[in-house]
Amino acid sequence: MFQKILIANRGEIAVRIIRSCKQLGIDTVAVYSKADETALHVHLADEAVCIGSHNAKDSYLNMENIISAAIHTGAEAIHPGFGFLSEQAKFANLCEEVNIEFIGPSSKMIEQMGDKATAIKLMKDAGVPLVPGSNKEIDLRMGKKIAQDIGFPVLIKASAGGGGRGMRLVRNLQQFEDAFYAAKQEAKAAFGNDGVYLEKYIEQPRHIEVQILADKYQNVLHLGERDCSIQRRNQKVVEEAPSSLKSDVKEAMYAAALKAAKHVGYENAGTIEFIVKNNQFYFIEMNTRIQVEHPVTEMITGIDIIKEQIRIASGEKLKITQNDVQFNGHAIEVRINAEDPKHDFRPSPGLVKFFHMPQGLGIRMDTMLYTDYEIPPYYDAMVGKLIAHGKDRLDAIRNLRAALEELIIEPVPTNQYFLMMILMNNDFVHNRIDTAFIEKHIERLLAYET
Ligand code: ADP
């Protein structure tokens, strides 16, 4: 096992990783930008190294400075968290070159899965159901032809995609050319790669993903699935486990996910994402990192996924078998953002004068907030995740509502009331949800008084 790990991230996920390291008896090194000198992860880690200015490009994305910090402090491994460098094959490769264990899969795996057109091809070879589409990068002529063959509406998606960027919905042939160039331009600006591919647009599907764990010795298991259908602009807002899929569909999906992971020789924690419509599931992408929504799986399985990631990276064999994975009750997570929903969800960084974290049986909050913390304006708006467990879905909803009511973050505007409106919504309560839920209900979800 490692003695010291550097956490190449900030915010709640850095705090979360430090917690698991401490429980494993591992020393921690935080890295931070000049804007994060007073951040909680810096307080909590055993050591902390400043890696650059507030601009993420100069600090949390600064590979050389992070590697130097690891070498200087004698860290044997780096946990990248999510976002930032977590899916940059080049960074994983740099770690490999200097003999520091990157807590995640190999750089080659990250590269393959990060290029969605390549990932789709691999999944096709593995026999995993795909969304009808081009299955490879397209040019304009090929795209138009395939779109006509599979039928409109279609989605143009960026090969290097993430966070819903570089994605365009096209309803007819007339719209195709403009959408094609717009998607390419957006992809180029966001990822420096303008490759795009085509998928049939599945109307109002559910987004369901399977959590995988795989060690270095070809042992692969799944930790069940999460329903992440409540999204805003293709970004997840509420996530829960388990989903309401019928058990035979779930079993088929688990089998497909395991087959996919085994086929590519996957290692460490990963997520295979599907969209589901009328009990049919289709692969959309694989994430080669820990995900924001991992706590809901932890709450129903009792398995600490970060600890498993660390054990796997250190070369240990998985001690859990598939039979050991039992699902208990239901868990729901809401993402708490410093943003103002009533003003087009604009970010609202600033000084938190009073913070109170909800408590109670089955309540968990992963956050970096504390009273008198100043949320810097330079990074993601997410300041925490509130998670509730219950004996069933309704019980989890009730517990989460109570926790959300107890949460105090003042005076910074957050999406707290907006989230409460989702949890109170009749369709949500009756599990009539799909990826269009927020769009469909937006007026009512914003009709709260503060
Ligand atoms: P990104 O990596 O940019 O987040 P994904 O491929 O993971 O992109 O898709 C994000 C979300 O976009 C999905 O959860 C789903 O809501 C929607 N989406 C993606 N592909 C399709 C599709 N073919 N049909 C309908 N919705 C889709």
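Reader: Which side chain meets E12 in a salt bridge?
Author: That of K385, at 3.0 Å, N to O. A salt bridge here is a side-chain nitrogen of Lys or Arg within 4 Å of a carboxyl oxygen of Asp or Glu.

Reader: What sort of model and numbering is this?
Author: It is a predicted model, where local features need pLDDT of at least 70, side-chain atom pairs count only at pLDDT 80 or more, and totals for chains, interfaces and linings use all residues. Residues are numbered from 1 along each chain as its sequence is written, and side-chain values use heavy atoms, with hydrogens and water left out.

Reader: Where are the domains?
Author: Domain 1 is 4-103, domain 2 is 132-200 and domain 3 is 206-445. The bounds come from an automatic or database domain assignment.

Reader: How many salt bridges cross between domain 1 and domain 3?
Author: The rule finds 5.

Reader: And which helix gives the largest share of the domain 1 side that touches domain 3?
Author: α1, with 11 residues. Helices are DSSP runs (H or I, at least four residues), numbered from the N terminus.

Reader: How much area is buried between domain 1 and domain 3?
Author: About 2400 Å², with carbon and sulfur atoms giving 61%. That is accessible area (1.4 Å probe) that the two parts lose on being put together, summed over both.

Notes
Helices (H or I, at least four residues) and strands (E, at least two) are DSSP runs, numbered from the N terminus.
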